[in-house]
Amino acid sequence: MNETNAGGVRGRSVEIVVPVHNEAHVLAGSIGRLHAHLEESFPFPFRITVADNASTDATWSVATGLTLELPHVHARRLELKGRGRALKHVWSRSQADVVAYMDVDLSTGLEAFLPLVAPLLSGHSDLATGTRLHRRSAVTRGAKREFISRSYNLLLKAGLQARFSDAQCGFKAVRTDVFRALAPHIEDTAWFFDTELLVLAQRAGLRLHEVPVDWIDDPDSRVDIVRTALDDLKGIARMTRTRRRVPCVPRRTAPTALTSPTASPVAAKPAPADLEYAS
């Protein structure tokens with residue numbers, strides 16, 4: 001983790017994970033745009049990690065090339081698919097104070113990233129998520145996806161008493177110590193990972209911060225809507241059965257100033273045999 005940002009400011013740090021599977025055609029452009037935005041306007045130390053989960057195209061080659069071109073970009077590769085699996089691996093081993101992720105298509109406007117992570121860096125919140133359903137959000141997407149998204153979130157409110165508005169917006173952040181406490185209780189390794197994280201956090205009484213976002217639907221999205229919907233329903237049913245399970249999560253007693261030095265990093269756990277690194 002770099003100790004200073006482009007402006008030379010020392011402070012608490014953020015690791016942004018971009019999970020990818022067969023995204024060689026858009027990876028370089030998206031990571032280049034994200035890196036440029038953070039270097040120009042993000043006032044805290046950061047690292048971008050491309051998490052390649054079992055790509056069969058040139059994604060890993062592109063990712064490793066980016067680590068040589070851009071100073072704050074790193075890459076990790078897993079041999080098994082699953083967005084949740086990739087996030088869990090990288091987030092659990094991060095030495096940053098806050099971990100975040102966004103989709104590789106950068107559908108969410110990057111200007112929302114600082115408002116997303118600032119309350120976590122200051123200690124005022126424990127998790128943060130973008131929401132496309134706030135009245136101040138500007139969303140461009142088709143009627144079918146809009147209907148599915150709103151229906152899914154209504155199901156979460158009815159079945160799991162969710163108090164958050166948009167479970168599957170690909171734009172989230174969490175304090176790293178909080179995630180380490182929640183991680184052993186998260187069972188899903190795919191798309192339901194986001195929902196499970198939020199529900200467990202709510203059950204543990206954690207502070208959730210929601211940020212209105214500008215969001216433009218990616219016409220090249222490869223998400224299998226039907227399969228994802230079925231998996232989500234199975235996840236909701238499973239979490240309904242385990243309603244009483246609440247993880248024990250560390251809490252801060254007072255907010256931490258955004259300019260305070262980064263705490264001594266926790267030693268990273270050894271990587272599993274199926275995880276490759278490039279930096």
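Q: What do the numbers rest on?
A: This is a predicted model, where local features need pLDDT of at least 70 and side-chain atom pairs count only at pLDDT 80 or more, while totals for chains, interfaces and linings use all residues. Residues are numbered from 1 along each chain as its sequence is written, and side-chain values use heavy atoms, with hydrogens and water left out.

Q: How many residues are in the largest nonpolar core?
A: 38, with I31, M102 and F113 having the most contacts inside it. Such a core is a set of buried Ala, Val, Leu, Ile, Met, Phe, Trp, Tyr and Cys residues joined through side-chain atoms within 4.5 Å, buried being under 20% relative accessible area with a 1.4 Å probe, protein chains only.

Q: Which helix gives the most to it?
A: α4, with five residues. Helices here are DSSP runs of H or I, at least four residues, numbered from the N terminus.

Q: And what is F113 in contact with?
A: Leaving aside neighbours within four places in sequence, F113 touches V14, I16, L38, F42, A100, M102 and F171, contact meaning heavy atoms within 4.5 Å.

Q: Switching topic: at what angle do α1 and α2 cross?
A: Roughly 20°, with the axes coming within 8 Å. Axes are lines fitted to C-alpha atoms over the stretch in contact, and angles run from 0 to 180 degrees between N-to-C directions. So α1 is roughly parallel to α2, the label for angles under 35 degrees.

Q: Which residues make that contact?
A: A24, L27, A28 and I31 from α1, and T59, V62, A63 and L66 from α2.

Definitions and conventions. Buried < 20%, exposed > 50% of the residue type's maximum accessible area, 1.4 Å probe, protein only. Helix = DSSP H or I, 4+ residues; strand = E, 2+ residues; numbered from the N terminus. Parallel < 35°, antiparallel > 145°, perpendicular 65-115°, else oblique.
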